[in-house]
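Here are my notes on this one, written as numbered points. Have the model open while you read.

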Amino acid sequence: TSLEPRLLLGSLAITMDLHPDSSELFLLETRRALESHATSQAAVRLSEAELDRLDEILDEAAVLVEKGQLDALLEHDRAFHRLIVEASGNPVLASLTDLMSGQTMRARLWRELAEDGVARHTLDEHRAILAALRAREPELARLRAAVHVAGMEQFLRTQIDSRRPPAE
């Protein structure tokens, strides 16, 4: 078999599909660590053409926000993150992050439906990440990416806590 990271990590996706909802929180915590690192690496490796493509993705996403097209918006979200992590230069890191991103799509859609204005907020966070990348500031890019994913973690943590029965 091929030793390509995407193929080697494919069985991990099946394993993660079998975990209960609360495991999404663990996936997000892991995604925050990996993706923020990848974003810091990408800050010094992204080409001008890739930065321009990120701008295009965000412009397209802004149109979708106005139209309320959440499914398409989530695909733009994933494309934005995928381009950044692929630019990190580490194919294993990119594959793991992409895998985790896909596994957390359900929680992201849930948040889009549950919180008013979250799509615009997400777009603003993406623009802040892109500004740090354009400035070639690895630490700022890392922090912006970590804060972005942490917001999703907080939402999911709140939802999980609200579904737990009260302690006796």
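1. What share of the contacts in the protein with a separation of 6 or more comes from residues 24 or more positions apart? The figure is 81%, where a contact means heavy atoms within 4.5 Å.

2. A word on the source: this is a predicted model, where local features need pLDDT of at least 70, side-chain atom pairs count only at pLDDT 80 or more, and totals for chains, interfaces and linings use all residues. Residues are numbered from 1 along each chain as its sequence is written, and side-chain values use heavy atoms, with hydrogens and water left out.

3. You'll find 9 helices and 0 strands here; helices (H or I, at least four residues) and strands (E, at least two) are DSSP runs, numbered from the N terminus.

4. Of the 168 residues, 45% are buried, meaning under 20% relative accessible area with a 1.4 Å probe, protein chains only. The protein exposes about 9000 Å², and carbon and sulfur atoms supply 56% of that; areas come from the Shrake-Rupley method with a 1.4 Å probe.

5. Now look at α8 (residues 118–134) and α9 (residues 138–163): they pack at about 165°, axes 8 Å apart. Axes are lines fitted to C-alpha atoms over the stretch in contact, and angles run from 0 to 180 degrees between N-to-C directions. So α8 is roughly antiparallel to α9, the label for angles over 145 degrees.

6. Who makes the contact? On α8 the residues include Thr122, Glu125 and Ile129, while α9 brings Leu140, Arg144 and Val147, among others.

Terms used. Buried < 20%, exposed > 50% of the residue type's maximum accessible area, 1.4 Å probe, protein only. Parallel < 35°, antiparallel > 145°, perpendicular 65-115°, else oblique.
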